[in-house]
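This report describes one protein chain for a reader who has not seen it before. Please look at the sequence and the model first.

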Amino acid sequence: MSTTTADATENRRPLTTPLRKGRTRRGDADDMAVASFVLGLVGLLVFNVVLGPCALVLGGLALARGTTRRGRALLGTALGAADLLVLAVLMTANGTVSWNFTG
């Protein structure tokens, strides 16, 4: 009877699933911080209606997950907010969401 109990315990799955090798939650948060910065920076020039909120969300998630690149996440969040501010100014000035350099 003890052999069947031992066999049953050996065939059990672990209660927690291991993380992928080489990736950690903090590493993902660092990637989110960098992505937030890049999206916020690019969003100042193009697609600010889409990239601004994405930068805000990624920056907030990176900060919540404890990134080691805190400054970059904060800067990405600030750039995302600036994207939305630029969008609001463009919409009130021109009545459109596109850039117009020709005046």
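## Basis

This is a predicted model, in which local features need pLDDT of at least 70, side-chain atom pairs count only at pLDDT 80 or more, and totals for chains, interfaces and linings use all residues. Residues are numbered from 1 along each chain as its sequence is written, and side-chain values use heavy atoms, with hydrogens and water left out.

## The chain

The chain has four helices and zero strands. Helices (H or I, at least four residues) and strands (E, at least two) are DSSP runs, numbered from the N terminus. Of the 103 residues, 21% count as buried, meaning under 20% relative accessible area; exposed is over 50%, and partly exposed lies in between (1.4 Å probe, protein chains only).

## Helix H4

H4 covers residues 70-94, and its 25 residues should span 36 Å at 1.5 Å a residue. The expected span is 1.5 Å times one less than the number of residues. The end C-alpha atoms of H4 are 36 Å apart, which agrees.

The buried residues of H4 are Ala73, Gly76, Leu79, Gly80, Asp83, Leu87 and Leu90. An α-helix has 3.6 residues a turn, so residues three or four places apart point the same way. After H4 comes Gly95, with a positive phi near 80 degrees.

## Surface patch

Val38, Leu41, Val42, Leu45, Val46, Phe47, Val49 and Val50 make up a nonpolar patch on the surface. H2 contributes the most, three residues. Val50 belongs to helix H3 and is partly exposed, with a relative accessible area of 47%.

Patches consist of residues with over 30% relative accessible area and no salt bridge; like charges are joined within 9 Å, and nonpolar side chains (Val, Leu, Ile, Met, Phe, Trp, Tyr) within 5 Å. A salt bridge is a side-chain nitrogen of Lys or Arg within 4 Å of a carboxyl oxygen of Asp or Glu.

Notes: Areas by Shrake-Rupley, 256 points an atom, 1.4 Å probe, with all protein chains shown as cover.
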